Amino acid sequence: MQVDAVVLDIDGVLVDVADSYRRAIIESVERVCDKTIDRDAIQLFKDAGGFNNDWELTDAAALYVLARREGLGMDVETFTGRIAEGGGGLDAAKEVVGDLPRVAQARVRDQWDTERLRETFQALYLGEELYRELEGGAPPLSAPGYIHDEPTLVEPETIADLTDRFDVGVLTGRPAAEAEIALERVGLDVPEDRRFTMDDWEEGKPHPRALVTLAERFDADRIAFIGDTLDDVRTARNADDEDASRVYYGIGVLTGGLTGDEGRRKFAENGADAVVEDVNELVELLE
């Protein structure tokens with residue numbers, strides 16, 4: 001696969017977030033709603049699309065738990081399937097809850113405390129010290145910080161090879177400060193004008209604007225975007241449709257929530273140009 005530039009997602013590609021972000025989703029909903037979802041359900045929300053922002057996924061998971069409590073007769077697979085049919089994301093989740101009677105919907109809204117969910121999530125994920133530094137003020141609870149439980153997935157030799165051969169950028173749903181922490185951990189130095197984080201664009205994946213902008217900044221003709229979710233691949237496909245002057249490749253990795261033959265199948269169904277076991281296989285894949 002011949003490319004001029006390589007754009008990398010962070011979560012599930014460079015670092016493993018199974019025991020950090022995804023754990024924070026589960027435990028935040030549990031603490032705020034007294035009931036939660038399991039890890040398999042998180043992937044169903046991711047596959048539905050529109051949940052590049054894990055705060056919004058947490059909100060949607062809490063909405064599902066509260067709606068079930070008020071009588072919504074759907075399992076999580078049906079709920080997320082309806083979200084996908086509605087275009088993905090939190091707005092689509094709200095529409096599904098509209099199946100409840102109005103009185104039940106009102107009770108769900110009264111219990112749905114998105115501010116508390118976000119504060120709880122950040123306290124669990126960052127820990128007390130980083131929470132005070134990045135969020136300001138005292139955290140709502142004491143936690144060691146799951147951000148410290150993110151094993152690296154990329155080898156130093158892979159980073160050296162990719163940065164030597166290609167222009168390298170980053171496109172992530174992380175806030176900028178949290179992206180910086182992960183990049184420092186894996187030893188990838190990317191200038192600010194070659195990265196897009198949650199703080200840099202409103203649309204989020206799979207909207208193509210950020211990827212197309214990076215391609216323009218690289219002045220690249222052929223760009224590979226590597227990610228662990230279906231929205232990552234959809235971003236590349238949307239960029240290909242948006243920008244006829246370039247070729248965009250979407251490459252899926254099996255180190256996030258999508259794994260094995262089922263993960264390969266889902267990536268292929270969503271237009272992946274290639275699927276690799278982990279990011280280190282890019283050394284042999286890309287020319």
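Domain bounds here come from an automatic or database domain assignment. I am working from a predicted model, in which local features need pLDDT of at least 70, side-chain atom pairs count only at pLDDT 80 or more, and totals for chains, interfaces and linings use all residues. Residues are numbered from 1 along each chain as its sequence is written, and side-chain values use heavy atoms, with hydrogens and water left out.

**Entry 1**

The contact between them takes 21 residues from domain 1 and 20 residues from domain 2; contact means heavy atoms within 4.5 Å.

**Entry 2. The sheet**

I went to the strands next. Helices (H or I, at least four residues) and strands (E, at least two) are DSSP runs, numbered from the N terminus. Two strands count as paired if DSSP finds at least two bridges between them. I found an open sheet of six strands, ordered β3-β2-β1-β4-β5-β6, with parallel pairing. The edge strands are β3 (195-196) and β6 (274-276), each pairing on one side only.

Strand β1 (residues 5-8) pairs in the parallel sense with β2 (residues 167-171) over four bridges, and Val7 stands opposite Gly169 of β2. β1 also pairs in the parallel sense with β4 (residues 222-227), again over four bridges. There the bridge partner of Val6 is Ala224. Further along, six bridges join β4 to β5 (residues 247-253), and these two run parallel. Gly227 stands opposite Gly252 in β5.

I then checked the side chains of β1. Ala5 and Val7 point one way, Val6 and Leu8 the other way, and all are buried. Buried means under 20% relative accessible area, exposed over 50%, and partly exposed in between (1.4 Å probe, protein chains only).

**Entry 3. Aspartate 54**

Is Asp54 buried or exposed? Asp54 is buried, with a relative accessible area of 11%. It lies in helix α3 (residues 54-69). Leaving aside neighbours within four places in sequence, I listed its contacts as Tyr21, Ile25, Lys46 and Phe121.

**Entry 4. Pockets**

I noted the terms before the values. On a 1 Å grid over the protein atoms alone, a pocket is an open set of points with protein on both sides within 12 Å along at least five of seven lines, where a 1.4 Å probe fits; lining residues have an atom within 4 Å of a point. Grid points are joined across faces, edges and corners, and a volume is the space filled by probe spheres set on the points.

The largest pocket has a volume of about 280 Å³. It is lined by 17 residues, of which Arg22, Gln43, Gly256, Gly257 and Leu258 lie nearest its centre. Helices α2 (39-48) and α12 (260-269) each supply at least two lining residues, and α2 gives the most, with four. By class I have four nonpolar, six polar and seven charged residues. Ala, Val, Leu, Ile, Met, Phe, Trp, Tyr, Cys and Pro count as nonpolar, Asp, Glu, Lys and Arg as charged, and the others, Gly among them, as polar. Both domains give residues to this lining, so the largest pocket lies between them.

The second largest pocket has a volume of about 240 Å³. Its lining includes Gly50, Asn52, Asn53, Glu56, Gly173, Met198 and Trp201. The classes here are two nonpolar, five polar and four charged. Domain 1 and domain 2 both contribute to the lining, so the second largest pocket also lies between them.
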